[in-house]
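Please read it beside the sequence and the structure shown here.

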Amino acid sequence: MFADMKSMVTKAWREHYALLAINCMNLESARAAIRAAETHRAPIILNLYQGHLSHFPASVAASVVKALADEAAVPVALSLDHGKEPALIYQAFRAGFNGLMIDASAFPLAENIRQTRAVVELAASAGVCVEGELGHLADAPRYDHATNVDLMTQPGDVEPFIRQTGIDLLAVSVGTAHGMYAPGVTPNLDFDRLAEIARLSSVPLALHGGSGTPFDQLARCPALGVAKINVGAAIFETGKAALLHALCHDSAAELADVMAVMERASEEAITPYLQASGAIGKA
């Protein structure tokens with residue numbers, strides 16, 4: 001079922017599990033996420049990264065996801081991920097996304113608040129869940145612990161940001177990064193910082209950069225206010241590897257069959273993240 005994202009996030013927050021938000025950019029990746037969720041009776045969020053809208057336009061994505069959700073036995077939500085362009089955020093809103101992330105975290109706090117509040121005001125008429133971000137995530141391939149500390153969410157900004165924007169969900173930076181880490185590199189979450197942010201926050205928290213983060217660290221997050229964990233790169237990389245393997249071993253294979261191989265691999269890659277999130281059996 002296509003479900004209300006605000007209600008899904010609130011329920012997860014209160015019951016101390018996290019919803020997985022899986023990045024999708026076509027029919028196969030969306031269907032893989034929903035099938036994994038159905039297998040494990042878990043609610044799921046499908047994320048569409050702003051940079052992928054040129055490939056999977058908002059109106060098309062909304063139609064595809066709603067059609068899949070109508071047939072699904074678990075709650076499914078659709079959210080824009082890292083929206084930065086007002087016109088594209090508006091497109092997602094008009095298309096019927098029930099989650100909008102506004103990422104103005106690269107700006108000074110006052111400007112971040114101004115841009116985020118504008119999206120909250122837009123979304124209010126339709127009850128759409130709005131996620132804002134404080135702090136900034138590094139790029140995983142160039143991950144450096146010392147540099148990453150400088151990018152983390154400052155607890156002192158949390159209360160005024162929430163109060164002045166009216167967001168429903170706060171994305172925080174506590175040690176993860178976007179993308180896949182270099183071999184031998186493992187992120188270490190700052191759980192003391194996360195606990196302090198959770199203490200100060202009146203809304204649920206979102207953790208981005210779930211890919212490659214040790215599962216035992218992810219599993220600790222829901223008890224510290226995290227109600228949404230984003231995972232993208234790890235699933236895309238697994239699907240891409242399966243696609244390349246299939247083509248290399250049988251270049252004459254039908255495209256539909258090769259895409260099915262990618263879809264199955266992506267679905268399987270989601271399972272351990274579902275286990276770490278605590279969402280299994282919550283649908």
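1. The largest nonpolar core comprises 84 residues, of which Leu 20, Ile 22, Leu 46, Val 76, Phe 97, Leu 100 and Leu 170 touch the most other members. A nonpolar core is a set of buried Ala, Val, Leu, Ile, Met, Phe, Trp, Tyr and Cys residues joined through side-chain atoms within 4.5 Å; buried denotes under 20% relative accessible area, exposed over 50%, and partly exposed in between (1.4 Å probe, protein chains only). Helix 3 (residues 58-71) gives the most to this core, with six residues. Apart from this core lies another, of five residues, among them Ala 140, Tyr 143, Ala 177 and Tyr 181.

2. On the basis of the note: the model is predicted, local features need pLDDT of at least 70, side-chain atom pairs count only at pLDDT 80 or more, and totals for chains, interfaces and linings use all residues. Residues are numbered from 1 along each chain as its sequence is written, and side-chain values use heavy atoms, with hydrogens and water left out. Helices (H or I, at least four residues) and strands (E, at least two) are DSSP runs, numbered from the N terminus.

3. Leu 20 is in contact (heavy atoms within 4.5 Å) with residues that include Ile 44, Ile 45, Ile 229, Val 231, Ile 270 and Leu 274, leaving aside its neighbours within four places in sequence.

4. Strand 4 is covered on both faces: Gly 99 and Met 101 are buried on one side, and Leu 100 and Ile 102 on the other. Strand 3 (residues 76-83) runs parallel to strand 4 and is joined to it by three bridges; two strands pair if DSSP finds at least two bridges between them. Leu 80 stands opposite Leu 100. From strand 3 the chain passes through helix 4 to strand 4 in a right-handed β-α-β crossover, that is, with the strands pointing away from the viewer, the path from the first strand over the helix to the second runs clockwise.

5. Strand 4 also pairs with strand 5, in the parallel sense and over three bridges, with Gly 99 opposite Cys 129. Here the chain crosses through helix 5, and this β-α-β crossover is right-handed.

6. How does the span of helix 5 (residues 109-124) agree with 1.5 Å a residue? The 16 residues should span 22 Å, and the end C-alpha atoms are 22 Å apart, which agrees; the expected span is 1.5 Å times one less than the number of residues. Buried residues of helix 5 include Asn 112, Ile 113, Val 119 and Ala 123. Their cover includes helix 4 (86-95), strand 4 (99-102), strand 5 (129-134) and helix 7 (155-165).

7. Leu 109 lies in helix 5 and counts as partly exposed because its relative accessibility is 30%. Leu 109 touches Leu 134, Asp 157 and Phe 161, not counting residues up to four places away in sequence.

8. Strand 7 has both faces covered, with Leu 169 and Ala 171 buried on one side and Leu 170 and Val 172 on the other. Strand 7 pairs with strand 5 in the parallel sense over four bridges, and three bridges join strand 7 to strand 9 (residues 205-207), which run parallel.
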